[in-house]
Amino acid sequence: MTDEKRRQRRGIVWTVAAVVLFMVVVVAGFVHRIGLPRIMNDAEMKANGAYMFETPRDIGEFALVDQSGEPFTPASLEGHWTLVFFGFTYCPDICPTTMSFLNDFVAELQGTEAADTRVVMVSVDPARDTPEQLARYVPYFNPDFVGVTGEFLDLHRFATALNTPFRKVPGQGENYQVDHSANVVLVNPRGDYHGFFKAPLDLAKMKVTYRSARYLWDH
């Protein structure tokens, strides 16, 4: 083989290698983009029922108790993302429906999302929702969910800090109901009020907005 042919062959080999490398880079970039969450702007988030604050809000101090009788304080919200729902165990419809929805929602999460997402149901009916009552009710929907209760004024202050008012419906005797929001509050790993998902909740929409909110906060 002449030197000229060897040079031509080397040129062809280098050209083919360069083309293959370029294709690998393009494909890798495409796969990486496919793997990234759908990032929504503020208007898109709101259109899908997610309202996230530009600056997350400090919840302040609170001292509540969980279903195991352990303290539930600001430290309990740190180090992970928390979905907070305000409800009560004697609720006939909204609460069991929302708790079932949240169970379906966390079942859709994978990897890091699944590992660092917590669900907390905060009682708006402390007179009936003792830790023992919550321990019977909350794990029915998911054994990893946490139920929280406390003194009425402490719960009221906590709910007010998260813009989730509630009130006892008057004139119903012992079988009273409690009016409350069906929104789900989002607390970030710093323990700050990050935003909320407005009812009625939609599984697909909440999934993509939750991922977008997490990604934007992390980046």
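Which residues line the second largest pocket? They are Met 40, Asn 41, Asp 42, Met 45, Met 52, Phe 53, Glu 54, Pro 56, His 194, Ala 213, Leu 216 and Trp 217. This is a predicted model, in which local features need pLDDT of at least 70 and side-chain atom pairs count only at pLDDT 80 or more, while totals for chains, interfaces and linings use all residues. Residues are numbered from 1 along each chain as its sequence is written, and side-chain values use heavy atoms, with hydrogens and water left out.

A pocket here is an open set of points on a 1 Å grid over the protein atoms alone, where a 1.4 Å probe fits, with protein on both sides within 12 Å along at least five of seven lines; lining residues have an atom within 4 Å of a point. The second largest pocket holds about 200 Å³ of space, the volume being that filled by probe spheres set on the points.

Where does the lining come from? At least two residues each are supplied by α2 (42–47), β1 (50–58) and α7 (203–218). Helices are DSSP runs of H or I with at least four residues, and strands are runs of E with at least two. β1 gives the largest share, four residues. By class the lining has eight nonpolar, two polar and two charged residues; Ala, Val, Leu, Ile, Met, Phe, Trp, Tyr, Cys and Pro count as nonpolar, Asp, Glu, Lys and Arg as charged, and the others, Gly among them, as polar.

Next, α7 again, with a helix partner. The axes of α3 (residues 94–108) and α7 come within 10 Å and cross at roughly 55°. Axes are lines fitted to C-alpha atoms over the stretch in contact, with angles from 0 to 180 degrees between N-to-C directions. Phe 101, Leu 102, Asp 104, Phe 105 and Glu 108 of α3 meet Leu 203, Met 206, Lys 207, Tyr 210 and Arg 211 of α7, contact meaning heavy atoms within 4.5 Å. That contact has six nonpolar, no polar and four charged residues.

α3 also packs against α5 (residues 131–141), at about 50° with the axes 8 Å apart. The contact of α3 with α5 has six nonpolar, two polar and no charged residues.

Last, the backbone. Between β10 (192–197) and α7 lies a loop containing Pro 200, and the peptide bond from Ala 199 to Pro 200 is cis, with omega near 0°.
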